[in-house]
Amino acid sequence: MPSPAPGADQLAGGVKDDAVPATSARPAANRAWWWAGASVFLLVIVVLFDAYLHLSKTYPENSDEANILLMANDMLHGNVYLSGWNVSDVPFITTELPEITLLVWMFGLHLNTAHIAAAVTYTLVVAVAMLLAKGQAKGPKAIARMALVLAIMLAPQPGVGVFVLVFSVGHIGTALPVMLTWLVLDRLGKRWYVPVIVAVLLGWGYMADPLVLVVAIYPLLLVCLVRVVAGMITGGRNGGGLRGTCRALADRWLELSLAAAAGIGYLVVWWGGSLLTNAGGYHQQAVP
């Protein structure tokens with residue numbers, strides 16, 4: 001017999017058949033917001049690529065672009081080691097050159113391909129910079145962080161600024177593996193495979209550009225060293241001498257592993273460069 005009092009079934013602990021638990025509705029709403037945010041982000045990236053492609057074409061082509069296109073075309077036709085080539089102190093052998101090789105295969109060997117490659121590179125750099133600035137933030141805070149980076153990087157200075165950032169093959173492309181390294185450290189946290197990924201990313205960037213040694217490998221080694229030493233001092237003071245120091249070292253396993261990863265990345269590039277030279281690869285000018 002139904003209760004005459006309205007809402008008595010709820011008071012007695014009953015649940016209506018058509019009621020939806022809040023716990024199941026919340027993840028669905030979160031997923032919807034995530035997909036909406038990802039779609040907007042991808043739309044922004046597409047619009048940026050189109051804008052940077054047109055911006056790149058405002059600067060006249062020169063022999064630098066012709067040179068890098070010919071190198072990419074040579075790689076496309078089997079000369080992967082670029083035998084017989086004399087390159088500058090920045091060979092781009094693992095960054096822009098493979099990208100341009102793929103684009104030459106897709107669009108052909110002409111100067112417009114250089115503009116496409118430049119737009120792809122700068123768009124990727126802006127995208128990764130936005131993701132790095134977002135960090136672990138969500139909602140309006142994440143949007144504000146990403147918007148700030150986009151505002152800073154959105155429009156290079158006309159003229160030579162466009163050439164340096166959006167057209168020429170230069171150090172701007174090196175920012176991609178470096179920022180991806182920091183992105184891995186930020187997002188993946190203390191997982192055992194993080195140092196392995198870091199070593200690969202640093203080796204990838206350093207093989208293409210010796211500047212990575214200054215802007216990524218040395219700073220990573222320095223920060224890891226400072227944190228390990230600080231942890232050892234604190235552990236020795238608070239944990240009882242040698243045992244506390246050893247415990248502090250164990251707690252800093254990530255920093256020790258990252259320092260080793262930076263060293264391994266450097267050694268891999270040194271070893272790879274020796275193999276490339278012995279295989280008759282390109283001749284690279286020394287860094288002044």
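Let's start inside: the second largest cavity is lined by Glu65, Ile100, Ala114, Ala117, Phe167 and Val169. On a 1 Å grid over the protein atoms alone, a cavity is a set of points where a 1.4 Å probe fits but cannot get out, and lining residues have an atom within 4 Å of a point. This cavity holds about 30 Å³ of space, where a volume is the space filled by probe spheres set on the points, with grid points joined across faces, edges and corners. Its lining has 5 nonpolar, no polar and 1 charged residues; Ala, Val, Leu, Ile, Met, Phe, Trp, Tyr, Cys and Pro count as nonpolar, Asp, Glu, Lys and Arg as charged, and the others, Gly among them, as polar.

The whole structure has 2 cavities of 30 Å³ or more. The largest one comes to about 60 Å³, and its lining includes Glu96, Ile100, Ala117, Thr121 and Phe167. Helices α4, α5 and α7 (160-167) each give that lining at least two residues.

## About the model

This is a predicted model, in which local features need pLDDT of at least 70 and side-chain atom pairs count only at pLDDT 80 or more, while totals for chains, interfaces and linings use all residues. Residues are numbered from 1 along each chain as its sequence is written, and side-chain values use heavy atoms, with hydrogens and water left out.

## A buried glutamate

Now look at Glu99, in helix α4 (residues 96-107). Helices here are DSSP runs (H or I, at least four residues), as are strands (E, at least two), numbered from the N terminus. Glu99 is buried but has no salt bridge, and Lys57, the nearest side chain of opposite charge, is 14 Å away. Buried means under 20% relative accessible area (1.4 Å probe, protein chains only), and a salt bridge needs a side-chain nitrogen of Lys or Arg within 4 Å of a carboxyl oxygen of Asp or Glu.

What does Glu99 touch, leaving out residues up to four places away in sequence? Ala117, Val120 and Thr121, with contact meaning heavy atoms within 4.5 Å.

## The open pockets

A pocket is an open set of points with protein on both sides within 12 Å along at least five of seven lines. Of its 21 lining residues, Trp33, Trp34, Gly37, Ala38 and Lys134 lie nearest the centre. Helix α2 gives the largest share of the lining, 9 residues.

The second largest pocket has about 420 Å³ of space. Here α12 supplies the largest share, 7 residues.

Note on methods. Buried < 20%, exposed > 50% of the residue type's maximum accessible area, 1.4 Å probe, protein only. Lys, Arg positive; Asp, Glu negative; His and termini not counted.
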